[in-house]
Amino acid sequence: MSTVAAERATKKAAKPATMAQALGRALRDSLAEDPAVHVLGEDVGALGGVFRVTDGLTKEFGEDRCTDTPLAEAGILGTAVGMAMYGLRPVVEMQFDAFAYPAFEQLISHVARMRNRTRGAMPLPITVRVPYGGGIGGVEHHSDSSEAYYMATPGLHVVTPATVADAYGLLRASIASDDPVVFLEPKRLYWSKADWNPDAPQAVDPIGKAVVRRTGRSATLLTYGPSVPVCLEAAEAAVAEGWDLEVVDLRSLVPFDDETVAASVRRTGRAVVVHESGGFGGPGGEIAARVTERCFHHLEAPVLRVAGFDIPYPPPMLERHHLPGVDRILDAVARLQWEADS
Amino acid sequence: MTVMEQRGVYRPTPPPAWQLRTDPAPLLPDAEPYRVLGTEAAGKADEELLGRLYAQLVLGRRYNTQATALTKQGRLAVYPSSTGQEACEVAAALVLQERDWLFPSYRDTLAAVARGLDPVQALTLLRGDWHTGYDPREHRIAPLCTPLATQLPHAVGLAHAARLKGDDVVALAMVGDGGTSEGDFHEALNFAAVWQAPVVFLVQNNGFAISVPLDKQTAAPSLAHKAVGYGMPGRLVDGNDAAAVHEVLSDAVSRARAGGGPTLVEAVTYRMEAHTNADDATRYRGDTEVEAWRAHDPILLLERELTERGLLDEDRRRAARDDAEAMAADLRERMNQDPELNPMDLFSHVYAEQTTQLREQAAQLRAELEASDADDADDADGEENAR
């Protein structure tokens, strides 16, 4: 088939799909392709996961391949370590961000460092799926952005998709990775839709590549996961103010794509990091420092951060005041007119 | 008729979930630790096995004293001795088939050695030369685990995975009395029982978690009793009676292999030395207690049995002693050689493929090393010129 014909066929078959469906499809395709892949977690079986990401997997592949476990996150991840030691590729679900905390010891003391402590003899190909972030009206412990904890742990890859296509491609790449991956799923994008062809799902760049979602000349918004659509919206709104913003979707926090990020900031000379998690000790501090180290002579203004406040995640009725929105991003963009103000 | 009118005559039928799912009685451990040596059961014990256990106990004791001596010479960063607990260590290794897996804690180097691991490789972690000195898959011995009880869910997962693959593999996981208080102990036992995984949990109750005695660790009648709540059998055994530990563990391994599910074995023993060479045991326990356990030493118990049955003459004693001395001499000699470490290995095994960030850092270290080599060369030249 010619490229044009293939493209036409893809377009024809493309129909709206949600991120949750694409994630489910990635799990299904991985299970079908590789008998070593096993899905486990609380409620992943008959219920299909509380977000329905694992819907139908137990029915299709049986309880041994998609397993409802006892309710115990350390146990889920700890047994996954043993399964990986025996040659399987476990994909575990943590159900909600804050529910993953009981599993931190297993993650940090074993999952992240088994390859290193055995000098390469025993890598652990485990994917830890963690639905994260706010904006869905979740009560306490259902909306945390815990990416900084994972980023601070050597040995883990940390990735987060922002589009339906990336959700599929990145999850496939994570499961195929010989290293452990913390796969952060932005909860409020689970039901975001895009035209996506389930018959010809596309692979994406290997883990570790950022992507420019919108090109622009005046400044770069560096962002990921749930904040990507917000930044794209802000960029559209900024046009009226005379700003032509570039939006970089990091996709992978570890490893970090310095090249794409630095190239963008050198082009625009200005940068704002945008994320939901708190600013103090948060991912933005690391990203701003990296950008400053690499692009200092190209910068027209300090690298700014637009983050959630440094507070425990607020109750749902107040979360709209906490989450970085279009206005807060535009305020920061306005502050990038450094020369004029100083 | 209203609900109020029904009161007094309404007799609810208990739903099925009210019934116990398992009769707890068969899961309960014996009231006393099971013993073989010095009892009638000893007469039935296999002579060849007793001889093998004896040789391994003597070897194990010598290994413990040698490793402790190496800490005093600065050759080991730390050594948690298993002196007094050799019967548990040796039996744990001997009940496993080659295809089975051992999940040791940091105190269980001897079990790894008894399973056939090179003593120097077993001591790599404690020497400070990297963390695991062997390929776990090659020896089917998980890395020595320093966090408490976190290796137990690994054992469950591995055994579960093996069974899913149709392999006839059993995992034996070792933990101390203190480790039974950890959440991972609970989660591992619960998963194992629910999945009916072929796992054996061996708790070496040696009396203390560093300085905290058992009565401040648990209010359970015994640690073996904890099994009942998970729906698996608990067995209580004299941990200094090598024949008894071997028999109880063998039964548990056979049961697991046959699809009978997990077992929790509590071996009651005593840590004769301090927690590690860095600890002062006189602060938390008295001599009387230690002396009472010295009279119940695992080697002494087995020697008495073998002698009474005419199975141990001076030749056999000497042979066991000579083997142990040869092992100790070899260990001493090889541990006294400085290991050659490559600093660049720091970056080699963090990920399958180095990240850009790690490549940059590796380049930085390489430059530092080259600069330092150049300095050394300059210094050598300087000394040469000064002469």
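Is Arg172(A) buried or exposed? Arg172(A) is buried, with a relative accessible area of 17%; buried means under 20% relative accessible area, exposed over 50%, and partly exposed in between (1.4 Å probe, protein chains only). This is a predicted model, where local features need pLDDT of at least 70, side-chain atom pairs count only at pLDDT 80 or more, and totals for chains, interfaces and linings use all residues. Residues are numbered from 1 along each chain as its sequence is written, chains are lettered from A and ligands numbered from 1 in the order in which they are written, and side-chain values use heavy atoms, with hydrogens and water left out. Helices (H or I, at least four residues) and strands (E, at least two) are DSSP runs, numbered from the N terminus.

**Chain B overall**

- Chain B has 15 helices and seven strands.
- Its C-alpha atoms fill a box of roughly 110 × 65 × 45 Å along the principal axes.
- Chain B has 387 residues, and 51% of them count as buried.
- Contact means heavy atoms within 4.5 Å. Of the contacts in chain B with a separation of 6 or more, 75% come from residues 24 or more positions apart.
- The accessible surface of chain B is about 18,400 Å², and carbon and sulfur atoms hold 49% of that surface. Such areas come from the Shrake-Rupley method with a 1.4 Å probe; for residues, only the protein chains shown count as cover.

**Interface between chains A and B**

- The size of an interface is often given as the accessible area lost when the parts come together.
- Chain B and chain A bury about 3,700 Å² between them, with 61% from carbon and sulfur atoms. Buried area is the accessible area (1.4 Å probe) that two parts lose on being put together, summed over both.
- Chain B brings 44 residues to the contact, and chain A brings 46 residues.
- Two salt bridges are counted between chain B and chain A. A salt bridge is a side-chain nitrogen of Lys or Arg within 4 Å of a carboxyl oxygen of Asp or Glu.
- Asp129(B) and Arg119(A) pair through their side chains in a salt bridge, at 3.7 Å from N to O.

**Salt bridges within chains**

- Side chains of opposite charge can pair when their charged atoms come close.
- Over all chains, the structure holds 42 salt bridges.
- Arg172(A) pairs with Glu33(A) at 2.7 Å, N to O.
- Glu33(A) is exposed, at 60% relative accessibility.
- Glu325(B) and Arg62(B) form a salt bridge at 2.9 Å, N to O. They too lie in distant parts of their chain, 263 residues apart, with Glu325(B) in helix α14 (residues 314-335) of chain B and Arg62(B) in helix α2 (residues 47-72) of chain B.
- Glu325(B) is partly exposed at 39%, whereas Arg62(B) counts as buried at 18%.
- Arg294(B) and Glu291(B) form a salt bridge, with their closest N and O atoms 3.3 Å apart. Both lie in helix α12 (residues 287-294) of chain B, three residues apart, about one turn of the helix.
- Arg294(B) is partly exposed at 44%, and Glu291(B) is partly exposed at 43%.
- Salt bridges that share partners join Asp258(A), Glu286(A), Arg290(A), Glu293(A), Arg294(A) and Glu360(B) into one network.

- Helix α10 (residues 258-268) of chain A has buried residues Asp258(A), Val261(A), Ala262(A), Ser264(A), Val265(A) and Thr268(A). They fall within an arc of 160° seen down the axis, so they line one face of α10(A). The arc is that of the directions from the helix axis to the C-beta atoms.
- Exposed residues Glu259(A) and Arg267(A) are on the face of α10(A) turned away from its buried side.
- Helix α11 (residues 283-295) of chain A has 13 residues and reaches 18 Å from its first C-alpha to its last, close to the 18 Å expected at 1.5 Å a residue. The expected span is 1.5 Å times one less than the number of residues.
- The buried residues of α11(A) include Ile287(A), Arg290(A) and Val291(A).

**Pro343(B)**

- Pro343(B) lies in the loop between α14 and α15 (356-386) of chain B.
- Pro343(B) is in contact with Leu365(B) and Leu369(B), leaving aside its neighbours within four places in sequence.
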